[in-house]
Amino acid sequence: MTTWDSRPAGPGGSTARAVPEQGAAEFEQLGFEGMPERLFACTPSKLASFDDCPRRYRFTYIDRPTPPKGPPWAFNSLGASVHTALRNWHGLPPAKRRPEALATLLKATWVSEGYRDGEQERAAFRTALAWLDTYVASLDPLVEPVGVERVVAAKTATLALSGRVDRIDRRGAELVIVDYKTGRSELTPDDARGSSALALYAYAAARVFRRPCHRVELHHLPTGTVAAHEHTEASLERAVSRAEATARDIQRAEAALRSGTDPDEAFPTAPGSLCSYCDFRKVCPGGQAAPVKESWTGIDTHVAEDSP
Ligand code: SF4
């Protein structure tokens with residue numbers, strides 16, 4: 001997420017991370033000082049937000065003040081905690097990247113929000129630690145990734161794309177995009193192939209590091225499995241074209257808003273299963289029919305299945 005991915009993935013899907021989106025400073029650092037105004041600055045999560053529901057895009061990126069959100073989700077807290085622990089594990093000197101360090105790392109940046117009670121939260125902590133223990137056993141502590149939570153960016157004819165990648169590995173002459181997942185469902189190669197975000201990360205990473213990057217991997221910590229896909233130059237270009245098409249739709253909606261179109265008409269609702277996990281469900285007319293979910297939905301099953 002991405003970036004601070006605000007998509008309501010739900011407890012069984014990809015876990016959105018509570019990570020702040022990178023700001024202008026990083027953009028400038030990446031060489032976009034002279035970015036022409038016509039380029040649409042975006043992250044994969046921003047584009048996906050519009051594709052999923054234009055109204056949610058408006059709530060997130062346009063309406064100010066931002067409409068009130070529902071309570072934080074426990075599955076987001078769990079995902080963010082695991083991601084941060086892995087980032088900090090890679091931040092240790094190689095000799096200290098040992099399983100014994102994990103409990104301290106996880107505890108130091110554990111996110112407590114959204115759990116039903118202390119008992120559920122403690123069970124989630126034990127589960128997360130077990131996932132991490134198994135996962136780091138599969139890593140060579142002496143191998144330095146090319147990037148960890150690294151922002152990559154690229155310009156196209158109409159876009160200034162940027163996004164933060166969980167990890168970028170170098171394997172042979174190529175780079176590999178690694179995305180950690182902590183949702184309940186095991187992922188398949190189709191999930192890796194169908195992820196626009198991963199394709200855009202690969203496109204941007206190749207340009208930032210001037211190395212080929214075609215392989216994208218989803219590392220699912222609860223099952224210890226990896227779902228991978230090898231993109232071609234053509235499939236990466238198609239992902240960029242789709243991103244540009246979404247950006248044009250967003251720009252059209254924003255132009256309509258500026259010219260006086262009713263905001264609700266310019267950014268219609270797209271009710272669906274994601275509404276139950278949408279931060280704006282309470283304030284959105286489109287979300288009223290969706291079943292209400294507790295902030296700890298799915299955690300008990302997830303944790304019970306995975307607890308040691
Ligand atoms: S509640 Fe549903 S329709 Fe409303 S903004 Fe969220 S996802 Fe869109």
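**Strands and a covered helix**

Tutor: In this predicted model, Arg167 has Val178 of β4 as its bridge partner.

Student: What makes β3 and β4 a pair of strands?

Tutor: Two strands pair if at least two bridges are found between them. In their hairpin, 2 residues lie between the strands, and Gly172 takes a positive phi near 65°.

Student: In which sense do β4 and β5 pair, and over how many bridges?

Tutor: β4 and strand β5 (residues 213-220) pair in the parallel sense, over 7 bridges. Within β5, Cys213 stands opposite Leu175.

Student: Why is β4 called largely enclosed?

Tutor: A residue counts as buried if 20 or more other C-beta atoms lie within 10 Å of its own. In β4 (residues 174-181), 7 of the 8 residues are buried, so the strand is largely enclosed by the rest of the structure.

Student: What makes helix α2 mostly covered?

Tutor: The same cut-off of 20 or more C-beta atoms within 10 Å applies. In α2 (residues 44-52), 7 of the 9 residues are buried; among them are Pro44, Leu47 and Phe50. The buried residues of α2 pack against several elements, including β1 (40-42), α3 (54-62) and β3.

Methods: Residues are numbered from 1 along each chain as its sequence is written. This is a predicted model: local features need pLDDT of at least 70, side-chain atom pairs count only at pLDDT 80 or more; totals for chains, interfaces and linings use all residues. A residue is buried if 20 or more other C-beta atoms lie within 10 Å of its own, exposed if 12 or fewer, and partly exposed in between; C-beta atoms are placed from the backbone. Helices (H or I, at least four residues) and strands (E, at least two) are DSSP runs, numbered from the N terminus. Two residues are in contact if their C-beta atoms, placed from the backbone, lie within 7 Å.
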